[in-house]
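Colleague: Before I use this model, I would like to know what each label rests on. Please set the values against the definitions.

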Amino acid sequence: MSVKRNASAVITAGLIFGFVIGAALGVLWWRLAPRIEVVVESGQLVDFQTQGFLASDISYGALAIVAGLLVTIGLARMRREHLLSVLVAGVLSGLVGSLAMWWIGHYLGRVDIAGLAGTQSEVVEGPLVLHLGAMLLIWPIVAAMVVTVLAFEDWLAGLKKKS
């Protein structure tokens, strides 16, 4: 059974799915991402290890790649006959989803270093921070790549029909 959906339905679905999946992945990123260890003395940050910076960014990027692939393929299944609406929906869902994922992970992974003012010296897990801001663009870029591959496939299928 083939159901034709208009572009606004696909874009709306993309925004909703992007936000919901981005929020869920934000929680997952918060739980899975490695953290740096910081040394706090009297509420002041004294020292930290930088090895965890790249690892938390890579875990964010890996989750964004998977989300970009799955959400865009789902949107393309909704309206394959008109890839421009799938492109717009995929990029918008990627932007909304990436921001939701970042904000929720950042919010849940925050650490109140100033609140440790009564301690002499303590080693704690540092806050979850996305250090490479370009990671926010991975999901929309993957969405655009999926639509590009689908358009190329449609173009090749059109060439085969002509010959």
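**Labels and cut-offs**

Modeller: Trp 29 lies in helix 1. Helices are DSSP runs of H or I with at least four residues, strands are runs of E with at least two, and both are numbered from the N terminus. This is a predicted model, in which local features need pLDDT of at least 70 and side-chain atom pairs count only at pLDDT 80 or more, while totals for chains, interfaces and linings use all residues. Residues are numbered from 1 along each chain as its sequence is written, and side-chain values use heavy atoms, with hydrogens and water left out.

Colleague: Why does Trp 29 count as buried?

Modeller: Buried means under 20% relative accessible area, exposed means over 50%, and partly exposed is in between, with a 1.4 Å probe and protein chains only. Trp 29 has 0% relative accessibility, so it counts as buried.

Colleague: What does Trp 29 touch?

Modeller: Contact means heavy atoms within 4.5 Å. Not counting residues up to four places away in sequence, Trp 29 touches Ser 56, Ser 59, Tyr 60, Leu 63, Met 101, Trp 102, Gly 105, His 106, Leu 128, Val 129 and Leu 130.

Colleague: Why does Ser 59 count as buried?

Modeller: Ser 59 is at 18% relative accessibility, which falls under the cut-off, so it counts as buried. Ser 59 is found in helix 2. Its contacts, leaving aside neighbours within four places in sequence, are with Trp 29, Ala 33 and Pro 34.

Colleague: Which residues in the largest nonpolar core touch the most other members?

Modeller: A nonpolar core is a set of buried Ala, Val, Leu, Ile, Met, Phe, Trp, Tyr and Cys residues joined through side-chain atoms within 4.5 Å. The largest one has 26 residues, and Trp 29, Tyr 60, Leu 75 and Val 86 touch the most other members. At least two residues each are supplied by helix 1 (7–32), helix 2 (51–78), helix 3 (83–108) and helix 4 (138–162). Helix 2 gives the largest share, 8 residues. In soluble globular proteins, nonpolar side chains tend to be buried together.

Colleague: What is in contact with Ser 93?

Modeller: Beyond its neighbours within four places in sequence, Ser 93 is in contact with Gly 14, Leu 15, Gly 18, Val 71, Leu 75 and Trp 139. Ser 93 lies in helix 3 and, at 0% relative accessibility, counts as buried. Leu 75 touches Val 10, Ala 13, Gly 14, Val 86, Ala 89, Gly 90 and Ser 93, not counting residues up to four places away in sequence.

Colleague: How do you know how helix 3 runs relative to helix 4?

Modeller: Axes are lines fitted to C-alpha atoms, for helices over the stretch in contact, and angles run from 0 to 180 degrees between N-to-C directions. Angles under 35 degrees count as roughly parallel, over 145 as roughly antiparallel, 65 to 115 as roughly perpendicular and the rest as oblique. Helix 3 and helix 4 pack at about 165°, with axes 7 Å apart. That angle makes helix 3 roughly antiparallel to helix 4. Their contact includes Leu 83, Val 86 and Ser 93 of helix 3 and Trp 139, Ala 143 and Asp 154 of helix 4.

Colleague: Why do helix 1 and helix 3 get the label they have?

Modeller: Their axes come within 7 Å and cross at roughly 25°. Helix 1 and helix 3 are therefore roughly parallel to each other.

Colleague: Which pattern does the protein follow along the sequence?

Modeller: The pattern is α-β-β-α-α-β-α, from 4 helices and 3 strands. Of the 163 residues in the protein, 36% are buried.
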